[in-house]
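I opened this model to look up its cavities, a strand hairpin and some aromatic contacts. My notes follow the order of looking.

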Amino acid sequence: MGPRREGDASLETQDNPGGAGDGSKDAPILPAYSTVALVDEEPEPVDPWSLPELHDTGVKWAELDTKGKVLRVVTSVGKFFLLIGFLYMFVCSLDVLSSAFQLVGGKAAGDIFQDNAVLSNPVAGLVIGVMVTVLVQSSSTSSSIIVSMVSSGLLEVQSAVPIIMGANIGTSVTNTIVAMMQAGDRNEFRRAFGGATVHDFFNWLSVLVLLPLEVATGVLYKLTKLMIDSFQIQSGEDAPDLLNVITDPLTNSIIQLDKSVINEIATGDPAARNKSLIKIWCETETTTVLKNVTVPGPENCTSAALCWVEGNVTWTTKNVSETIYLEKCHHLFASAKLSDLAVGLILLALSLLVLCTCLILIVKLLNSMLKGQVAVVIKKILNTDFPFPFSWVTGYLAILVGAGMTFIVQSSSVFTSAITPLVGIGVISIERAYPLTLGSNIGTTTTAILAAMASPGETLANSLQIALVHFFFNIAGILLWYPIPFTRVPIRMAKALGDITARYRWFAALYLLLCFLVMPITVFGLSLAGWQVLVGVGVPFIVLVVAVVIINTMQTRWPQRLPAVLRTWDFLPRWMHSLAPLDRVVTAAASFCGRRCCCCCKCCKCAGSGYDSEGEGEGEKKPRPLEMYDNPALTQDGEPELARRDVEGGNAGDPKATKM
């Protein structure tokens, strides 16, 4: 029996509503439930990265009657076809999103590639590759521009290597944007954002190691040059176009682009600047006819016999190519009198709306379908390793699967964006998503190699060499950051970032702006100022970052080896080692938005608050534990706040309602 307050008959009556109620000493007294032992016990820490259990909440199959079984089968088949439909719309929206970005920033991307003096700077070339790929949302488009420039002699292969590395980084922004669509659930967002950014960290770390090595030794250029010179490679078939066969009927009915315009701008064709990227005529025919044309002088005539002068004008006869327009395109904007920018912004808004809607519905359907034995089987297939001593084979098999799937869908962005929600809902672990992503990086380079082999003979060698540079860059990155478990640094970095973004969800948008806009533009500006400025600013910054990483690691593992002042960051101002002060600002802005803008209230709440059970902000309020008695009647003196909450919740006087 728990202790009892002497002389408090009213408490006895409240604790024993079924008794005599007269306050006599003979009235029975029920025991109070103490939870002191439970409070003293430390709960086992829960790993937020562990995959959640997907429980079957429905009726078991064996307990269903015939009608129920038929209904369940019909429902499951219907959900499957709905899932396929939403996946199809999701992929199409990614395609339209890429077209929208090209309409908005395609010509700017072509202009960026024009300055050959800037492209010869490796750091500037890297940043240009990142920014152009972010602008057009397609590494294949930016790579094709690079190949066109190399083939036309405007850009040397060696100068194009850093740009290819930048394109590899830029393509990872798509699945990071997709991960932000799962910000509604904290743990799902943690896993999804970590699974998406593991691609970012792999690419950035690979560039940090391989770009200086390439600048110093030219290893990728020399290796690919040796391969091109050693083998007599003949022009092959066109690259397979498997996914586009399915998606083109829908996407071509929405928008069709003439991507050669960007290439022509990049290669310096002045006439291309006035052309629209929107394709108007889908079927044309080019013919050569003999026409009389004017020339500056007799020396420009095709021959003396075909040259004559009329007044001050010199005429000659020459073959002229003419384009005959046969059939107009039938997409939505073929006859629209809108600028490329206006069409691009319309498509950008619509494609993002469809993409977000499809992603939310896909996650809901997957959560509904992946229950019970189905979930157990799928999770075991995707996340279980081969038995010892062949467990190491599993990761490499996942790399091959990722490469094969990317080869089929013809886009690393589509594949990584498709597995991101699966990581979020807990079907695929981040440890398994990592090799799948690495395989996706290889898969997207193989399609580029096949496309390069379909080039004309005079441009085959250079275009194929660039494609091989892309391939070996990813192979080298895998050798750096995968074979030895200790070197799988991108996983640990992605988990750390996932924990931060789960606590402060607004940080995800800040990360995107910093990594794919602010930092590339800053580095680009410093590189234009000269090597001295870039080294003078960049080297101290890199040294500071490395020092902070080392000290953080030692604070966690070997704090006794650090000086006392460095064992914590408390000696620094709070804003220098915590996001809590900035979080207060964002939270205040979100509250203001919620009060002023009713339509944006939910969005602001989702993006702003970090003050919850996982927050570290000052002033956060957590419910007090029941440290003595669970009966609220016995807390009238010691814990009035807790008693008040229980009364308001309708639990006053009910020991069972508050028992922990």
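The entries below start with the source of the values and then go from topic to topic.

**Entry 1, source.** I am working from a predicted model, in which local features need pLDDT of at least 70, side-chain atom pairs count only at pLDDT 80 or more, and totals for chains, interfaces and linings use all residues. Residues are numbered from 1 along each chain as its sequence is written, and side-chain values use heavy atoms, with hydrogens and water left out.

**Entry 2, cavities.** I searched the whole structure and got 2 cavities of 30 Å³ or more. A cavity here is a set of points, on a 1 Å grid over the protein atoms alone, where a 1.4 Å probe fits but cannot get out; lining residues have an atom within 4 Å of a point. Points are joined across faces, edges and corners, and the volume is the space filled by probe spheres set on them. I looked at the second largest cavity, with a volume of about 60 Å³. Its lining consists of Trp49, Leu51, Arg191, Val423, Ile428, Ser429, Ile430, Glu431 and Lys495. I sorted that lining into 5 nonpolar, 1 polar and 3 charged residues (nonpolar: Ala, Val, Leu, Ile, Met, Phe, Trp, Tyr, Cys and Pro; charged: Asp, Glu, Lys and Arg; polar: the others, Gly among them).

I followed strand E2 (residues 307–310) into strand E3 (residues 313–328); the two pair in the antiparallel sense over 4 bridges. Strands (E, at least two residues) and helices (H or I, at least four) are DSSP runs numbered from the N terminus, and two strands pair if DSSP finds at least two bridges between them. E2 and E3 form a hairpin with 2 residues between them, and Gly311 in the turn has a positive phi of about 70°. Val309 stands opposite Thr314 in E3.

Val313 is partly exposed at 34% relative accessible area, whereas Thr314 is buried at 7% (buried is under 20%, exposed over 50%, partly exposed in between, with a 1.4 Å probe and protein chains only). From C-alpha to C-alpha, Val313 is 9.8 Å from Pro298, 15 residues away in sequence. Thr314 and Val293 are 21 residues apart along the chain, with 8.5 Å between their C-alpha atoms.

I counted 11 aromatic pairs in the structure. Rings of Phe, Tyr and Trp (its six-membered ring) pair if their centres lie within 6.5 Å; planes under 30 degrees apart are stacked, over 60 edge-to-face and the rest tilted. Phe189 and Phe193 make a tilted pair, 5.5 Å centre to centre with 55° between the planes. Both lie in helix H9 (residues 186–217), 4 residues apart, about one turn of the helix, and both are buried. Tyr396 and Tyr482 form an edge-to-face pair, because their planes are at 90°, with the ring centres 5.5 Å apart. This pair links distant parts of the chain, 86 residues apart: Tyr396 is in helix H15 (residues 392–409) and Tyr482 in the loop between helix H18 (457–481) and helix H19 (489–503). Tyr396 is partly exposed at 32%, while Tyr482 is buried at 5%. I also noted a cluster of Phe189, Phe193, Phe201 and Tyr511, linked by ring pairs.

Which residue lies over the face of Tyr482? I found Arg488 there, 4.1 Å from the ring centre. The charged end of Arg492 sits over the ring of Phe486, 5.6 Å from its centre. The criterion is NZ of Lys or CZ of Arg within 6 Å of the ring centre and within 35 degrees of the ring normal.

Note on methods: 1 Å grid on protein atoms, 1.4 Å probe; cavity = no way out; pocket = protein on both sides within 12 Å on 5 of 7 lines; lining within 4 Å.
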